[in-house]
Amino acid sequence: MDKNYLDRIRIVLVETQDGANIGSVCRAMKTMGLTHLVLVTDKQYDENRVRTLALHASDLWENREEFKTIDEAVSNSILVVGATRRRGKFRKMSAYSPEQLAQKLSKMPEGTVSILFGREADGLRDDEVAKCSSIVTIPTSPLFPSLNLSQAVQIIAYELFLASSPYKSGMTAVSHERIAGAVSGMSEHLENIGYFKWDEEKKWTTQFLCDICERSGMSESEMQRFEKIFAKVDKIKIYKDKTQEGEDNG
C-alpha cells in the first residue's frame, strides 16, 4: 500500500446534521486508511454521539479540521470532487464511478484531493456542486437509490484503498484557489474581446474552464502558459481595433 496516495485525500463533510453520522464516517475512513476529516459547519456536535459510533477511530474526530465555507476548506486542493447521485442542467454533465475516481487519482500529480459529501437529507446543493470540478456517483438500484452518509463514504473509501498501490509522486499541480484566480483573469480577457453574448454565458464558461483546468492537474508552469494564451488573444484584439481605427480615420 502506498501511504502517500491515501494521505493526500481529505473527506469533507458539508453541514452534517447528526454527530453520530460523523462518528460512522470516521470508522469508514479509518478502516480504509483515510485519516483526514474536514467539516464545513458552524454547528456544535454532541461528543458522545460522535465517539460512540467512531469507536477506535475517534482520533480522526479529534484531529479534524473545521471551516465555515467550502471555499476555505478546499482552497489548497488540486482536485475537488462532489459525491452526489443527482444529475441535472445545473450540475455536471458527466460523473466518475468510485472505481474510475480511484484510478483517476492514482494518475494525478502530487497535491491534496478533497471529496465532498453533503447533508443526510438532501446532499450537496447545485451551488456547492458547482465548486467541484468533478462528481462521483455510486451506482444504486432505482428501487431505493439513497445511501446513508457513512455507507457512501465507505464505498468510495474502499475503491480508493484498492487503488492505493499504483500512486507515484510526480509534478505538483496548482491548487483550487490558484485555478480560480487564473480562470477569473481568463474570463476577463474573453469579456474584453466580446466573446460573451449574454450574462449567463460568462458564468458557465468560467465554471467550465475551472473544471477543465482542475481535472487536468496542471503544473504552475503549464497554468502560466495557459493564462498567456488568453492574454495574448486580448492584446491581438486591441491591436486589430487600433489598426482598424487608424484605417478608418485615414
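1. Is Phe161 buried, partly exposed or exposed? In this predicted model, Phe161 has a relative accessibility of 31% and therefore counts as partly exposed, a class that lies between the cut-offs of 20% for buried and 50% for exposed. The residue belongs to helix α8, which runs over residues 149-162. Together with Tyr158 and Leu162, Phe161 makes up a nonpolar patch on the surface, and the accessible area of these three residues together is about 280 Å². Membership of such a patch requires over 30% relative accessible area, and the value for Phe161 is 31%.

2. On the salt bridges, a search of the whole structure returns 15 of them. One of these joins the side chains of Arg119 and Glu15, with an N to O distance of 2.8 Å. The two partners come from distant parts of the chain, 104 residues apart: Arg119 sits in the loop between β5 (112-117) and α7 (126-129), while Glu15 sits in the loop between β1 (9-14) and α2 (19-31).

3. Arg125 counts as partly exposed at 38% relative accessibility, and Asp127 counts as partly exposed at 43%.

4. As to the cysteines, how many disulfides does a search of the whole structure find? The search finds 0. Cys213 is accordingly in no disulfide, and the nearest cysteine sulfur, which belongs to Cys210, is 7.0 Å away, whereas the cut-off for a disulfide is a pair of sulfur atoms within 2.5 Å. Cys213 is buried, with a relative accessible area of 1%, and Cys26 likewise counts as buried, at 0% relative accessibility.

5. Ser58 lies in helix α4, which covers residues 58-62, and with a relative accessibility of 11% this serine counts as buried. Ser58 and Lys30 are separated by 28 residues in sequence, and their C-alpha atoms are 9.6 Å apart in space.

6. Leu105 is placed in helix α6, residues 98-106, and its relative accessibility of 1% means that it counts as buried. Between the C-alpha atoms of Leu105 and Ala231 the separation is 31 Å, and along the chain the two residues are 126 residues apart.

Methods:
Residues numbered from 1 in each chain as written. Predicted model: local features only at pLDDT ≥ 70, side-chain atom pairs only at ≥ 80, totals over all residues. Heavy atoms only, no water. Patch = residues over 30% accessible without salt bridge, like charges linked within 9 Å, V, L, I, M, F, W, Y side chains within 5 Å. Areas by Shrake-Rupley, 256 points an atom, 1.4 Å probe, with all protein chains shown as cover. Salt bridge = Lys/Arg side-chain N within 4 Å of Asp/Glu carboxyl O. Helix = DSSP H or I, 4+ residues; strand = E, 2+ residues; numbered from the N terminus. Buried < 20%, exposed > 50% of the residue type's maximum accessible area, 1.4 Å probe, protein only.
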